[in-house]
Amino acid sequence: MSKRTLSGQAAIVGIGSTEFSKQSGRSEMHLAVESVLAALADAGIDPTEVDGISTYTMDNNPEMEVHRLIGGKSLKMFSRIHYGGGAACAPLMQAAMAVATGVCECVVVYRAMNERSEYRFGTGVADRPANASYEASNFGWYSPHGLLTPASWVAMAATAYMNKYGATSEDLGRISVGARAMAANNPNAWFYQKPITLEDHQNSRWICEPLRLLDCCQESDGAVACVIVAAERANELQQKPVYIRGAAQGACDDQQAMNSYYRDDVARLSECELVAQQLYAQAGIGPKDIQTAVIYDHFTPYVLTQLEEYGFCPRGEAKDFVRGGEHLLSGSLPVNTHGGQLGEAYIHGLNGVAEGVRQVRGQSCNQVDNVEHVLVTAGTGVPTSGLILGAQN
Amino acid sequence: MTEVLRPRIGVNKDTQFFWDGLKQGKLLIQHCKSCDRLQHPPGPCCKHCQSFELDAVESSGRGVIDSYVRMHHPLPPPFKKGHPIGLIKLEEGTRLVAELINIQPAQIAVGTAVKVVITPCDKDVTLAFFEPV
């Protein structure tokens, strides 16, 4: 591995968001600009200084328009990372690389969507046009048979995982109950003061067996943004710097987008292990040095798999980890202290990055003691990404 | 009453042979003439050796359920509540996703032996379904 490293060269110095709702009542561009301006105000940086922007696909707001509307002057780097939520941490990597190399001075990352009131991912792809493009042809292997939604694509991998390791629907429920307990303490969460029991989970209707309604994240309207500058500059700003100690993307092992059904072991998320190895190597730490983690929870089964791929328990033992309550605020690794996408909101993972920042700053609604390092992961089943955020560089 | 059609199939030059095969009653698997290995889904070249010299072999149509789901919501017609879909591992070693038919709930399980039933669904779409052996 190269001695040159990205670790510690950049910091997140501002975060901003809108409220999280089911009906924002304003345009997605409005949400984008609002969250970006809030993040810049949090950082104490004038919008005219923004010279880089990165977001990820399935966001409908062009980078240049966001930059124009915030009053930006010169945009020198703009990028948009593929694979939707799988890219949730990747724009932070782009931002860190841009400020570390001197390409940019101040990069903004955003995700803004009316994914409940204006369009819904959960309704699936039945109406997508069938043409000769790679993506449309690829849906041809699944859609005609009725495998049409993100929940169904994940469910197919989940059955294989649960069958192999003996994880049960109750184990999936423990993830959901944990997330809702965290959300219950978070006034910004959609499910604030609305915890659930394992019985509630078990009584919730099937969406796609083995997934119940309460195994599926919300559909939300809202936006989140972050501001990234070089580490030297971060020390001069008003917020406690949150250093990017590791930032990585991963795709491997016969990778498909949501349908990696052809790899030797369908129960694996090998791309998460690839991200984990890079993150720990960059940061020079291991899983035991992580005090709290934001584990991408679009659907509960992949939280179990990620706990294993990121090294918090041996393969197949995530069910025991959650049965022991290790993912709760009282456990050894509090997970998704904002309530996750099951409990806070589904802002495609960027709200998880913001929670990682709050944990390092000491500003979480479910604050963990003495946080030195936070792991943040991104959407799974697709090519993915991750971050290690740190209090020191 | 108009017939409710399944979602249409996107086809390209790499996948055309598979769908043409089904219309002729054959379940085909892409085969590499250079390294003699199989792959599904098909592509323009062999994922093992990168050869573009590809043809197809006919599957025996026998396999086992490697994984499965039962779809409940949302479920556009013509699919019905609890609709079973399997990830089938063929005898030849490749996997494919397919609707399960003529199957009892207890048989919808990992390891159940199944065989292909090639089924014309409408004038444009013919699919490989699987049923218990």
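Glu209(A) stands opposite Arg70(B), a residue of β4(B). The two strands involved, β5(A) and strand β4 (residues 62–71) of chain B, run antiparallel and are joined by two bridges. Strands are DSSP runs of E with at least two residues, helices are runs of H or I with at least four residues, and both are numbered from the N terminus. Two strands pair if DSSP finds at least two bridges between them.

This is a predicted model, in which local features need pLDDT of at least 70 and side-chain atom pairs count only at pLDDT 80 or more, while totals for chains, interfaces and linings use all residues. Residues are numbered from 1 along each chain as its sequence is written, and chains are lettered from A and ligands numbered from 1 in the order in which they are written.

**Interface of chains A and B**

In total, 33 residues of chain A are in contact with 31 residues of chain B; contact requires C-beta atoms, placed from the backbone, within 7 Å. On the side of chain A that touches chain B, α5(A) gives the most, with six residues. The elements that give two or more residues to this side are α4 (134–139), α5 (150–165) and β5 (206–209) of chain A.

**Helix packing in chain A**

α5(A) also packs against helix α10 (residues 301–309) of chain A, at an angle of about 55 degrees and with the axes 9 Å apart. Because of that angle, α5(A) is oblique to α10(A). Here axes are lines fitted to C-alpha atoms, for helices over the stretch in contact, and angles run from 0 to 180 degrees between N-to-C directions. Angles under 35 degrees count as roughly parallel, over 145 as roughly antiparallel, 65 to 115 as roughly perpendicular and the rest as oblique. Val154(A), Ala158(A) and Tyr161(A) of α5(A) make the contact with Pro301(A), Tyr302(A) and Thr305(A) of α10(A).

The table gives residue classes for two contact regions. Ala, Val, Leu, Ile, Met, Phe, Trp, Tyr, Cys and Pro count as nonpolar, Asp, Glu, Lys and Arg as charged, and the others, Gly among them, as polar.

| Side of chain A that touches chain B | 19 residues | 13 residues | one residue |

**Sheet in chain B**

Chain B has an open sheet of three strands in the order β2-β1-β3, with antiparallel pairing. β2 and β3 (54–58) of chain B are the edge strands, each pairing on one side only. Five bridges link strand β1 (residues 28–32) of chain B with β3(B) in the antiparallel sense, and Cys32(B) stands opposite Leu54(B) in β3(B).

Conventions
Two residues are in contact if their C-beta atoms, placed from the backbone, lie within 7 Å.
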